[in-house]
Amino acid sequence: MTTVLRASGIVRRYGPRAVVDGVDLDLCTGEIVVLLGENGAGKTTLMRTLAGELGLDGGSVEVLGIDLGREPERARRGLIYVSQRPALAPLASLRDHAEALAAFRGLATAAWPAEMVALASALRLGDVLDVPVRALSGGMQHKCALVLGLLANTPLAMFDEPHTGLDVRSALALRELIRGRRASGTAFLLASHLAEATLALADRALVLRGGRVGCAFGVTELAAFRGDARAFEQAVLDAMGA
Amino acid sequence: MAALFEAKVARTPWLGVALASLGLGWLIGAALANTRVEHITDLTLRTAAVFAVAWPVLLLDRVTTPPQWATRQWLGDSAVTAVAQGVRASFAWLVAGLLAPVGMSLRTDGMPWHGPVALTVALAMVGVWLATLHALLGALRAMGQGRKVPEALAGGGTFGPADAAQLIYAPAQGFVVGMVPVVVLTAWWGARGLEVPISTPVVIVIAVCAAWMLVRNWLPYQGPELFTGLRAVQVAHATRFATAQVMPGLPVWLGYACKAGGAGRWLGLALSRHDPLSPIVMAAVALAVAAFGPLWPLDLALVAAALGYLGATRRLALRDLDAWSAAQWLGAAQADLARAERRIGLTLAATGTLCALAAAFSGRSQLAAAALFGLGVGAWLGTALTLQLGPVPRWVGWTRATAWVVCALALGPGSAK
């Protein structure tokens, strides 16, 4: 397995306060790691830092062996980050965005249109491909961003709370799509509050507490909790502390 | 692809722009046709300045904040293609804008000064466009190469003041540098006469081709530093410190001097507070007043003061930021600041000297000498003090502004025959 992401000693401050404080994280191809933690624990900040949206106050990040600090544009071509508030162009439709994504990232012309339609249909966006995103609901806009995030087919995909705002059917479909991508080698870093989704997808789960990794659940531990989401939630709560 | 995406997210009514340019040119052509021949060079210079002042604003907007840049960046667009697309879009605006001299020629065809007028206006538009583009790309590259840009991108690190200074000055610098050949040309025209044996359409075609050839040769040499530079600008636009830096306070006196009513002053205040382009907008407003106002020496003095104000207030903004303990964000690398100030000082001094020489050509030798003296004292002393003392005292900026006023007065009425 190839290491897709290697982050060591990540520090990110807002003013004097370290929101992310010395996090180490490696991701290999086909691996799914879920970040858990209370609001303000540093999940989003960590993801934005790893995506190059925020600068580093300490540590280093390599994406496919390329230093994000030194060669940001090249390193960022190996990843896509879908935030909770995706930066969609209000006047453009999902198809417009997909066309731009395909052109900017050099996706194969023969394959991506059908793939985009398939992804959109799976997330129940098939009827709104050509509707400007400003005319879509918040949940649908979020799904548009997820479609684009999956369509990019980058070695590393980072989704910040991907299940938020999704209906049950779409949430289940998203899990299947993520699994499918994982099978083809994409590594995922997800932030989530949902124990059930974590158990369904994750190979590892990291609980952030005060900007540090407070607790890590490996494959074996997660397997032990499968089928008992409440017990897992309790374990996570214990890891978060008082 | 960037063009297609941009066309969807930021549509430009090209036909309307072209027709507006043609119509505006036609109106100004009518004004020129009714002007006494001894005033034709003055009015041509002012007209050229009015048409040229649009390009620094447009280029700053298109190149440093491409439409939907956040989205494009997320989707994988590169800075180089985004900037290239911005340049192409602004070039399209330039081509549309060059219909203005065509519109003018519809009314002035057959007049003996018809050729020089078209040439002067076209030269001003293309020259300012090129000079501003060069200054902006240079500033972006410099920002991308800055030592602490990654930290600056985070919003909590430092950001070389030299780089920021270049970007802030780039539009005004582009305007001034681009206008130099125009000022010299009109002065020459006033003193010695000028024959342009080619028609307006040919002038326009040559101007367009020359601009495009130059830009095509520039762009491939713009390196990946543009990406970091462009991202730094994006962060800067979202940061109140940067906004304060780019955007100095309202020159209330300018609003009064331009005889703006309550609504105009309110607009000026809004622009100054919320639009980072406000200094340029103020200069554009002043230029428009200068072009059509009856008291043109005073008006042009105001224009010059507005341009000088760019320099003066920028320094004041830096002082304010220092007081806010935001110096860390700006870096406070005094050597860089001194280098930037020296470059700016040299540009101002060279430009002022050329303006003064142009005034001398036109026979107003006393005022030309005063302009030369003012510029010499203002720019060179200011630069020297910058190098010696580090942070620039407040009065240095105002000295430069005064130098500009003196220079403008030297180019007052009757400067061209």
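**Rings and helices in a predicted model**

Trp14(B) has a relative accessibility of 33% and therefore counts as partly exposed, a term for values between buried (under 20% relative accessible area) and exposed (over 50%), found with a 1.4 Å probe on protein chains only. This is a predicted model, in which local features need pLDDT of at least 70 and side-chain atom pairs count only at pLDDT 80 or more, while totals for chains, interfaces and linings use all residues. Residues are numbered from 1 along each chain as its sequence is written, chains are lettered from A and ligands numbered from 1 in the order in which they are written, and side-chain values use heavy atoms, with hydrogens and water left out.

A search of the whole structure finds six aromatic pairs over all chains, where rings of Phe, Tyr and Trp (its six-membered ring) pair if their centres lie within 6.5 Å, and planes under 30 degrees apart count as stacked, over 60 as edge-to-face and the rest as tilted. One of them joins Phe159(A) and Phe188(A), whose ring centres are 5.6 Å apart and whose planes stand at 75 degrees, so this pair is edge-to-face. Phe159(A) belongs to strand β7 and Phe188(A) to strand β8 of chain A, 29 residues apart, strands being DSSP runs of E with at least two residues and helices runs of H or I with at least four, numbered from the N terminus. Phe159(A), at 0% relative accessibility, counts as buried, and Phe188(A), at 1%, counts as buried as well.

In chain B, the rings of Trp14(B) and Trp93(B) have centres 5.5 Å apart and planes at 65 degrees, so they too are edge-to-face. Because Trp14(B) lies in helix α2 and Trp93(B) in helix α6, the pair ties together parts that are 79 residues apart in sequence. Trp93(B), with a relative accessible area of 22%, is partly exposed.

Helix α6 of chain B also meets helix α4 (residues 54-64), for their axes come within 8 Å and cross at roughly 155 degrees; such axes are lines fitted to C-alpha atoms over the stretch in contact, with angles from 0 to 180 degrees between N-to-C directions. The two helices are therefore roughly antiparallel, the word for angles over 145 degrees, whereas under 35 counts as roughly parallel, 65 to 115 as roughly perpendicular and the rest as oblique.
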